[in-house]
Amino acid sequence: MTAAAAEIEDGLGTLAGTGKILRFQLRRSRLFLFWWIAGIAGFTWMVVPVITEQYQTEAERAGFAATMSSPAMLSMSGPVEYVHAYAESVGALFSHRMLLWTCAMTAVMFVLLVTRLTRADEETSRSEVIRSLPIGRRADLASALLVSVGAAVVLGGLLALAATGLDGGDGASPLLFGAAHTAVGIVFAGLTAIAAQLSENASTSTGYGLAALGASVLFAGAGNAEGNWATWLSPVGWSQLTYVYTPQERWWPLLVSLAVAVGSVLLAFAMVSRRDFGQGMMAARRGRATAKPGLKSATALTFRLTRGLIWTGVITLVLLGMAYGSVLGGADDFADGLSAAQKEILDRGGSDLKASFATTFISINAIVAALFGVLVVGRGRKEETVGRGELVAAAPVTRGGWPGSYLPAALFTATATNLVGGLGLAASGASGDGDLFGKIAIGTLVQLPAIWVLIAFVFAAFAWLPRAGWLRWLAWTWTLLVVYFGALLDLPEWAMAISPFDHLGNYPAEDFSAAALAVLTVIAAVLATFGYTGLRRRNLSFN
C-alpha cells in the first residue's frame, strides 16, 4: 500500500468518497434504471386490470383453481396456499401467476446492475481512474449497493401502487407485494457483489449471479410442487412464502431475505479488502501454451469464446422443454376447468387444445433460444468496447471475419438451443404419441425463420448503431410480449405484426404458410447483408 493510499485508509476511511461516486453512478445508470423499472412496473400495471377482468366471479376463479393444483402447475407458479384463496381473492390468483416471473426479472435486473457498477468497471479500467482520486477502497462497492437498494425500494413502491387495484387482501397487501420484490432485489444485489469479488471478469460475475437465480427458481419450483422445505432454499421462494393476498398473509419470511442480504454485503466488503484490484479471489484457469489447430480463424475463436453461452442455452432449453412437456401431458385435464374466455387466451385456432398448448410452448422455447443468440451478439459488442477485439482486428482479418463472425455464432446458438428445446418438449410431452412428437418437431423447425430475422435485426443494429444496445433488448422484449402476453393484453393487430413470430401460422394448432417462412428467411438474409455492410462502413471503437 502506498503512503497516499494508507493516508486515505487511515484518515478518511475505506468509505471515503462514497457520496461522490454514488452521484456519478446514478447519473450513468439513469437510463438503465429507468427502462428496467419502467418495464417491470409498467408490465404489472398492464396485467392487473386484465386479470381482474378475466376472473370476475368466484365461480370462475374456483374453476381455474382446480386446474392449478397439480405438481407441474405449482412448480411453475407458486405454493398451493394461493390456489386455496383463488375464490375469495383475485389478488391471490394474480400473485400466484405472476410473482415467480416478476421476481425472476427483478433478480436479473439487479445481477446486471451490480456487475455493471463493480466488476465491469474494473475490467474496463474505469474504476482505476476513479481510484486515482482520494476515495476509500470500499467506496465504489458501497455506492453500487446504495444505488441497488434505492432502485429496489423505488421498484417495490411502484409495484405496490400497481397492486392496489387487486381485490381480496387488506390495506397492507399491496405493500407486501411490493416489498417481496424489493427483498429479491437486495438479496441478488448482495449475492452478485460476492460474485464480483470471486471472479475476474464481468461475464463470469454475471454468470454466477444468473446461476444463483436459476438455482433459486429450481428450488422454488421443486418446493412448491411437493410442498416441502426446498422452497426455503430460494430467495424467490421467500417472497412467495409471504402468501400475499391470502388469509395466511405474513411478512416475516422477508426477514430471511434481509438477513441474507446483510450477510452477503458484509462478506463482499470483507472480500474486497483482501483481493488485488482488478483480480478475483478465484484464480483464473491457466490457458494452453499453444492454440489448438482449430483456432486459426477469427470465426473459430468467436465460437470458442461463446461456447459457454451455447452450453448454457442447450441445458436451459432442455430443462425448459421437459418442464413444459410435463404440463403438456396434462393439458386435457387442465382445460376442463377453464372458462370460454380463458380457453381463448390459450387457444391458437385448433380444435385440439393439446396442440394449442404445444404451439404456445414451442413459441416460448423459440423466444428463449433467440435470447441466447442476442447475448452472443452482445458479446461481440463487449469484445469491441473493452479492447480485446483490437488484438484480433490487428491480425489480417476482414470485417466479415471479425466482428462479423458473431452473426454465424449467434445464429448457430439460437438454432441449436431451439432444436434441443423442441426435442425436450416432444420427448416429455408426447407420451408415446408419435404423431404429436412429429408435430412438435416440425413446429420447432417452423420457428427458425422468425428467430433468424430477430438475430439478423440485432446484428444489423450492432453494425450500424453500436451504441444503441437497447435496440436489441427492445426487439427481444417486444417479441416476448407478443408471444406470451399478446392475447392476454389484447394487443392490436398492427402491433402484433411487428414481431416476426406473429407470421408463423401457429403450427401445430393451425397449418403454417410455407410462403411466409420463405419471406421471413429472405428478410433475415437481407438484414444480415445490411449488417455486414454497416460493419464495413463504420469505425470500430476500441477503448
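Modeller: A patch is made of residues with over 30% relative accessible area and no salt bridge, where like charges are joined within 9 Å and nonpolar side chains (Val, Leu, Ile, Met, Phe, Trp, Tyr) within 5 Å. Accessible areas come from the Shrake-Rupley method with a 1.4 Å probe, and for residues only the protein chains shown count as cover. This is a predicted model, in which local features need pLDDT of at least 70 and side-chain atom pairs count only at pLDDT 80 or more, while totals for chains, interfaces and linings use all residues. Residues are numbered from 1 along each chain as its sequence is written, and side-chain values use heavy atoms, with hydrogens and water left out.

Colleague: Which residues make the nonpolar surface patch, and which helix gives the most to the patch?

Modeller: The patch, of about 950 Å², is made by Phe 219, Trp 229, Trp 232, Leu 233, Trp 252, Leu 255, Leu 258, Val 262 and Leu 266. Helix α14 (residues 253-272) gives the most, with four residues; helices here are DSSP runs of H or I, at least four residues long, numbered from the N terminus. Leu 258 is found in α14 and counts as partly exposed because its relative accessibility is 44%, given that buried means under 20% relative accessible area, exposed over 50%, and partly exposed in between (1.4 Å probe, protein chains only).

Colleague: What span should helix α3 have at 1.5 Å a residue?

Modeller: The expected span of a helix is 1.5 Å times one less than its number of residues. For the 25 residues of α3 (residues 30-54) that gives 36 Å, and the end C-alpha atoms are 36 Å apart, which agrees. Among the buried residues of α3 are Phe 32, Ile 40, Phe 43, Val 47 and Gln 54.

Colleague: How many salt bridges does the structure hold?

Modeller: Side chains of opposite charge can pair when their charged atoms come close. A salt bridge is a side-chain nitrogen of Lys or Arg within 4 Å of a carboxyl oxygen of Asp or Glu, and the structure holds five. In helix α19 (residues 353-385), Glu 383 and Arg 379 lie four residues apart, about one turn, and their side chains meet in a salt bridge at 2.9 Å, N to O. Glu 383 is buried, with a relative accessible area of 5%, and Arg 379 counts as buried at 18%.

Colleague: Which residues are linked in a network of salt bridges?

Modeller: Arg 381, Glu 384 and Arg 538 are linked in this way. The closest N and O atoms of Arg 381 and Glu 384 are 3.5 Å apart.

Note on methods
Helix = DSSP H or I, 4+ residues; strand = E, 2+ residues; numbered from the N terminus.
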